[in-house]
Amino acid sequence: MQVARVTLNRKVVIPPCTEVKVIGKVDNLVQGNVMFQPTGDLKGLMSPFTLVNGEQQLPVVMRNPTDRYVRLKRNHQIGTTVEVESVLDGEITTDSTDDTNIGQVRQITRDHDTHMHEADLGEPLKEVEASIPTHLGELFKKAISNLNVREAAAVGSLLVQYQDIFAKGDLDLGRFTAIRHTIDTKDAKPIKQRMRGG
């Protein structure tokens, strides 16, 4: 069985929530049918296992389900091709007790609500969320709406670490008196007023 690496022939930037077709170059040409298998190092991108004819340049569909741009450099390995002995016609069925299945399919789902759900949080993030002061709870929820769990935990840790610099309410701003400045009022006499609340 022959295996070949598939790398990008040029730098690719894939916008959020899009699907693009890129050209991969195969380092060892295999004649006949081959199965393209994506690598695990696709920075959050998804690409299907694909049955294709062995060619030097291989069209590969890449899907970006994230809310961020994903950049892959030229020559980044996006997968491998494996020689296929035969292609079966008709419907293929699998027996769950049959351990000869080599392929594995992972399915991800994303609902239309971009906020992270309780089931998505994971234990470390739940601990961070529990330690966030009440006045920062809403800010935390808005800040993590488009982040993965690791990034959300980092934001939560920062909010906890610097909680003393956030106002707890409209009247919690305080006054800074270390610097004096002047305001040119032309001919009008300056006035002094007490600080007003929201």
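In what follows, buried means under 20% relative accessible area, exposed means over 50%, and partly exposed is in between (1.4 Å probe, protein chains only). This is a predicted model, in which local features need pLDDT of at least 70 and side-chain atom pairs count only at pLDDT 80 or more, while totals for chains, interfaces and linings use all residues. Residues are numbered from 1 along each chain as its sequence is written, and side-chain values use heavy atoms, with hydrogens and water left out.

An open sheet of 6 strands runs in the order β5-β4-β8-β1-β3-β6, with antiparallel pairing; strands are DSSP runs (E, at least two residues) numbered from the N terminus, and two of them pair if DSSP finds at least two bridges between them. Because β5 (50-53) and β6 each have a single partner strand, they stand at the edges, and one side of each is left without a neighbour in the sheet. From one strand to the next the twist averages 35 degrees, where axes are lines fitted to C-alpha atoms and angles run from 0 to 180 degrees between N-to-C directions. Within this sheet, β1 and β3 run antiparallel and are joined by 3 bridges, and T7 stands opposite K25 in β3.

The structure holds 4 salt bridges, each being a side-chain nitrogen of Lys or Arg within 4 Å of a carboxyl oxygen of Asp or Glu. One of them joins the side chains of D27 and R5 (3.6 Å, N to O); since D27 lies in the loop between β3 (18-26) and β4 (33-38) and R5 in strand β1 (residues 3-8), the pair ties together parts that are 22 residues apart in sequence. Another joins E19 and R63 (2.4 Å, N to O), and because E19 lies in strand β3 and R63 in strand β6, this pair ties together parts that are 44 residues apart in sequence. E19 is partly exposed at 44% relative accessibility, and R63 is partly exposed at 42%.

Beyond its neighbours within four places in sequence, N64 is in contact (heavy atoms within 4.5 Å) with residues including I14, P15, L45 and Y69.

Terms used: Helix = DSSP H or I, 4+ residues; strand = E, 2+ residues; numbered from the N terminus.
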